[in-house]
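Visitor: Hi! I'm new to this one, could you walk me through it?

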Amino acid sequence: MSAEKQLQELVQRLNRLPDANEPPPTTLQILGRNHQEQDWQRLLFHFLSPGKGHGLDHGLLEHLLSSLSKREDLDYTFSRLDLQDIKVETEVVTSNDTRPDAVLWLPGDWFICWELKLWASETHEQTKAYIDASSFPAIELSKDEVPVDNRHYIYLAPESASSPEANEFVQISWEWIASELQTFLAESQGGYPARTTAQLDDFISTIQQELTMTEHQKNQQEKAQLYFDYYDELQDVQSAFENQWDDFTDNWGLRLARELDGVEIVEIPDLSDNHVGIELNPDSEESARWIFRQGSSWAGIAKEQWRRRRTGDYAVIYGAPDDDNYAHITLYHRLEKNRKKAIQDGILELTLWHGNSSDNEFYKLVNDRVTKKIDEREYELPPTVELTNRTGNILTATYNIPIAEHDDFFDAYTAGLGDAFVDLAVENSELITIVDEAFDESLEEYY
C-alpha cells in the first residue's frame, strides 16, 4: 500500500476517535501532591471524622459504613444507633510499635483497622504485624475487649494492587471509595456546605484521574498506538518534509522573486550566494532595489538602503563587513523560529529589526522618528502592521499563509510572502518612505 493510502487510513482512524479534552488539574495535582499517600489519607479521614468542621457531621461516615456493611467480602454489621459513639483516629500506634493508617471503632463492640496504599507495595509484612498486635495503646483499645468476629481489617489500594500479606485484611479499592463518595454527593443534593462538597468532589476527581483512565487519556493512548502502527509512514513523510523545508530555506528568496510581478532579478556585486537581489518597477522612476537574505534563522527582506551602512560615510556594505562600524535594519520572517506558527496556524509574521551592530540609543532614535513621522503625516498604518515600541524592533506585520489555495505548503508560504511584500513595499510605499527617512536621518544625527 502506498504511503498516501496508508496516511489516508490513518486520518480516517483519527477522525473516528471521539474528542476528549484534558480535564482541569485538581488541587493536589496543582500542588504536586497527587502521588502522596499521606495526603489521600488525610483527606479521606478528614471527611469521615464528624468533628472536623467540614459540615458533613456524621453524613459521610454513615454512608460509607452502611456501604461497607453491604459488601459480601466484609462481614461487618452497621447500626445507625451507634453513630454518635463511633470514633475515628489516624496513625494509630499499636502494641508492637506498628502504625496502621487509621482505626474506626465503637468502644467495646467493634473496630475497623485500615491500611492505605497508592503506588507502593506492602513492606515488612505490615498487615501481619497489625493482626499480631494485641492492642492500640494510643487510643486505649485492647483487642480483648472486642469479639473476634467484630475485628475488621481493610486494605485500601488501587484495583490493580497486589493482595495484602495478612489474609484477615479485606482488599477494597480506591476506585470503589471514589464511587461511594460520588454517590454520597449525588444523594446529598446540596445539603452540605458548598466549600466542603467542592473539596470532596476535587478529591474524587484526583482518585479518578490518577487511578482510572479518563476519556482524554484513552484518546491519547489510542493516538499513541496509531503513531506506532504508522511509524514508518510518518517517518517517511517527516523526512520528506524536512528535506523540502531545508531546500525552501535555502531558496525562498529566489522562489519569491520569480513569483512577484513587476520585478527583475538583478546581479549585485559582492552579495554572497545566499542573497537574491531584485529591482522593483525597473522601468519606473520609482524603481527600488531589494535584497532577500535566504536561510533559516534570520531570513530577511531589506531595501538596498537598509543593508549594512558604514557609520562613517553611510555607504552600503554588500559583502561581509570587516568591523562593527555599521548599522542596518531588516524585515525578518524567521523561518525556524516561526515554523510551528506557519505550519500549524498558517500565520506569517515579519518583524522589522535593527541590526546587532547598532546600540540602544540608535534603536530608540529610529523608533522615535518613525513614530513621529507617522503622527505628523497622520499616516494610517495598514491593518496588518503594528508598531512595537520595543528596543531594536520597529514594527511587526502579520499575514495569512493561503494553505487552502495551494496544493503545496511551500507554494503557499511563498504566496504569503508575496502578499506581504506587495502590501508593504508596493501598496503602502509611504510606510517604507517613512522608515527610509527615519533610518537615514538617524544615521546622520547619531554618527
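Visitor: Thanks! What is the average pLDDT of the chain?
Guide: The chain averages 89, and 94% of the residues score at least 70.

Visitor: And where is confidence lowest?
Guide: In helix 1, residues 3-16, with a mean of 68. Confidence is highest in strand 3, residues 110-116, at 97.

Visitor: What should I do with low-scoring parts?
Guide: Where pLDDT is low, the predicted coordinates should not be read in detail.

Visitor: Switching topic, how many salt bridges are there?
Guide: A search of the whole structure gives 22. One of them pairs the side chains of Glu441 and Arg369, at 2.9 Å from N to O.

Visitor: Where do those two sit in the chain?
Guide: Glu441 belongs to helix 13 (residues 429-446) and Arg369 to helix 11 (residues 360-376). They are 72 residues apart, so the pair links distant parts of the chain.

Visitor: Is Glu441 buried or partly exposed?
Guide: Glu441 has 29% relative accessibility, so it counts as partly exposed. Arg369 is partly exposed too, with a relative accessible area of 23%.

Visitor: Which residue forms a salt bridge with Arg377?
Guide: That's Glu437, and the closest N and O atoms are 2.3 Å apart. Arg377 lies in the loop between helix 11 and strand 16 (385-390), while Glu437 is in helix 13, 60 residues apart. Salt bridges that share partners join Arg369, Lys373, Arg377, Glu437, Glu441 and Glu445 into one network.

Visitor: Nice. What about Glu304, what does it pair with?
Guide: Glu304 forms a salt bridge with Arg289, with 2.7 Å between the closest N and O atoms. Arg289 is in strand 10 (residues 288-293), and Glu304 is in the loop between strand 11 (300-303) and strand 12 (309-310).

Visitor: Why does Glu304 count as buried?
Guide: Because its relative accessibility is 10%, and buried means under 20%. Arg289, at 26%, is partly exposed.

Visitor: Last one: what caps the N-terminal end of helix 12?
Guide: Asp408 does, with a side-chain oxygen 2.9 Å from the backbone nitrogen of Phe410.

Visitor: And what span should helix 12 have?
Guide: Helix 12 has 19 residues (409-427), so at 1.5 Å a residue it should span 27 Å. Its end C-alpha atoms are 25 Å apart, which agrees.

Technical notes. Residues numbered from 1 in each chain as written. Predicted model: local features only at pLDDT ≥ 70, side-chain atom pairs only at ≥ 80, totals over all residues. Heavy atoms only, no water. Helix = DSSP H or I, 4+ residues; strand = E, 2+ residues; numbered from the N terminus. Expected span 1.5 Å × (residues − 1). Polar contact = N/O pair within 3.5 Å; in protein donor to acceptor, adjacent residues only side chain to side chain. pLDDT = per-residue confidence, 0-100. Salt bridge = Lys/Arg side-chain N within 4 Å of Asp/Glu carboxyl O. Buried < 20%, exposed > 50% of the residue type's maximum accessible area, 1.4 Å probe, protein only.
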